[in-house]
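Subject: Structure handover

Hi,

Here is the structure you asked about. Please open it alongside the notes that follow.

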Amino acid sequence: MSVLSARGVTRAFDHPDGAVQVLRGVDLDVAAGELVTVSGRSGSGKSALFAVLCGFDTPDAGQVRIGGEPLPAVPAWADCAVLPQAMGLAGELTLAENVALPLRLARRSGVAERVAELLGGLGIEQLADRYPPEVSYGQQQRAALARAVAARPRVLLADEPTAHLDHGSVAAVLGLLRRTAEEGAAVLVATHHDLVHEIADRRLVLTGGRLAPATA
Ligand SMILES: Nc1ncnc2c1ncn2[C@@H]1O[C@H](COP(=O)(O)OP(=O)(O)OP(=O)(O)O)[C@@H](O)[C@H]1O
């Protein structure tokens, strides 16, 4: 059963020299427990698609559903969690407080234990009390991924989760993405990174404004 689905999603953006039709009828299904990667050349619309899938942006036409229900105006973090390319950590919260935020919003118990488990697994437990501007981009990226998966969301959308990472950190991130799917989430990852494609159940490519199975 598909947890995340999209049908006929279109999106154009106005520019001074004319409208750019970025998404031209995207169809997508990601099942619970499935990890799907999306590749596509720079500017093909991967981030624009993710913005529509998580409700940050509204499509011109088409529909997105989570668990068979139309996407609400503001999806709950526990339903659909996002690691945006720009990471979006709250600068006034420490890394630990950022990761705890979705757990507190969902009124979960065991917050400190879950935060410690995630930060430790990603090798940034020693930075728990630092603020985002006090750590590197790669460390911020791992904290933003920890925040995204913290509440065990039904859907995880990760946009370039390995963009700023060294080899060892990539392995930890791949392990967490895979584990998140195995725990039942529908996981969609936009990436240019071959190692991420290698752990995927299915690979898609965004080309000409539509998703198609990747051929290589
Ligand atoms: N909010 C916006 N306003 C205007 N144009 C936009 C907006 N968001 C995206 N675009 C345009 O849509 C196109 C797709 O951009 P997008 O960021 O989705 O590409 P991408 O595939 O994620 O690229 P990359 O791999 O470089 O991150 C680009 O031409 C971009 O300029």
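**Helix α5**

Helices are DSSP runs of H or I with at least four residues, strands are runs of E with at least two, and both are numbered from the N terminus.

This is a predicted model: local features need pLDDT of at least 70, side-chain atom pairs count only at pLDDT 80 or more, and totals for chains, interfaces and linings use all residues. Residues are numbered from 1 along each chain as its sequence is written.

The buried residues of α5 are Val 173, Leu 174, Leu 176, Leu 177, Thr 180 and Ala 181. Seen down the axis of α5, they fall within an arc of 165°, so they line one face of the helix. The arc is that of the directions from the helix axis to the C-beta atoms. Their cover includes β3 (35-39), α3, α4, β7 (155-159), β8 (186-190) and α6 (194-198).

Just after α5, Gly 184 takes a positive phi of about 115°.

In α3, the buried residues are Arg 114, Val 115, Leu 118 and Leu 119. They cover an arc of only 120° around the axis, which puts them on the same side of α3. The face turned away from that side carries the exposed residues Ala 112 and Glu 113. Both α2 and α4 are among the elements that cover the buried residues of α3.

Helix α2 (residues 95-105) buries Leu 95, Ala 96, Asn 98, Val 99, Ala 100, Pro 102 and Leu 103. These pack against β6 (80-83), α3 (111-121) and α4 (137-149). Arg 107 follows α2, with a positive phi near 55°.

**The core**

Which residues touch the most other members of the largest nonpolar core? They are Val 99, Leu 157 and Val 187, out of 66 residues. The largest share of this core, 6 residues, comes from α4. A nonpolar core is a set of buried Ala, Val, Leu, Ile, Met, Phe, Trp, Tyr and Cys residues joined through C-beta atoms within 7 Å.

Leaving aside neighbours within four places in sequence, Val 187 is in contact (C-beta atoms, placed from the backbone, within 7 Å) with Glu 34, Leu 35, Val 36, Leu 156, Leu 177, Thr 180 and Ala 181.

**The ligand shell**

Around the ligand are Phe 13, Val 20, Val 22, Gly 40, Ser 42, Gly 43, Ser 44, Gly 45, Lys 46, Ser 47 and Ala 48. Two elements give two or more residues: β2 (18-31) and α1 (46-53). The most come from α1, with 3 residues.

Best wishes

Terms used: Near = placed C-beta within 6 Å. Buried ≥ 20, exposed ≤ 12 C-beta atoms within 10 Å, placed from the backbone. Contact = placed C-beta atoms within 7 Å.
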